[in-house]
Amino acid sequence: MDVPSSNPVADPARRRVLLTVHGRIGEKMAAPEVRGWEMARALAHRHDVTVASPGAPEDIREGVRFMDARRRSVVAEARRADVLIAPRVPPYLFAALAGS
């Protein structure tokens, strides 16, 4: 399933959301990962959602795009996002987004 691209002209309320989780999203998940996955699925109904998860392969599931949570990739994706949701924002990301 393809994730629709952000088109503020078509839907000005649609946002690019980056949601970070600290564990893997998969068959067996701890409670924080379950909450992150469910939040991503719910948000994907109205927004373009990307989940950054350690070791995640580039993939799209249920309208949610997945990416590996490597520092450089997360910074680049956060700069493109309208919204960042994270259980804990690492200091490197604060520094990279300063002035954005």
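Which side chains meet in a salt bridge at 2.9 Å, N to O? Those of Arg-14 and Asp-48 do. A salt bridge here is a side-chain nitrogen of Lys or Arg within 4 Å of a carboxyl oxygen of Asp or Glu. Arg-14 lies in the segment before β1 and Asp-48 in strand β2, so the pair ties together parts that are 34 residues apart in sequence. Both residues are buried, where buried means under 20% relative accessible area, exposed over 50% and partly exposed in between (1.4 Å probe, protein chains only). Helices (H or I, at least four residues) and strands (E, at least two) are DSSP runs, numbered from the N terminus.

The model is predicted: local features need pLDDT of at least 70, side-chain atom pairs count only at pLDDT 80 or more, and totals for chains, interfaces and linings use all residues. Residues are numbered from 1 along each chain as its sequence is written, and side-chain values use heavy atoms, with hydrogens and water left out.

A search of the whole structure finds nine salt bridges. Glu-38 counts as partly exposed, at 39% relative accessibility. Arg-41 is also partly exposed, at 29%. Arg-41 forms a salt bridge with Glu-62 as well, the closest N and O atoms being 2.7 Å apart. Glu-62 lies in the loop between β3 (59-61) and β4, and Arg-41 in helix α1, so this pair ties together parts that are 21 residues apart in sequence. Glu-62 is partly exposed, at 48% relative accessibility. Elsewhere, salt bridges link Glu-58, Arg-65, Glu-77 and Arg-80 in a network.

The largest nonpolar core has twelve residues, including Val-17, Leu-19, Trp-37, Val-51 and Phe-66. Such a core is a set of buried Ala, Val, Leu, Ile, Met, Phe, Trp, Tyr and Cys residues joined through side-chain atoms within 4.5 Å. Two or more of its residues come from each of β1 (16-20), α1 (31-43), β2 (48-53) and β4 (64-68). Another core lies apart from it, with nine residues, among them Ala-52, Val-74, Val-75 and Ala-81.

Phe-66 is in contact (heavy atoms within 4.5 Å) with Ile-25, Trp-37, Val-51, Ala-56, Pro-57, Glu-58, Asp-59 and Arg-61, leaving aside neighbours within four places in sequence. Helix α2 (residues 71-80) buries Ser-73, Val-74, Val-75, Glu-77 and Ala-78. These buried residues pack against β1, β2, β4 and α3 (91-97).
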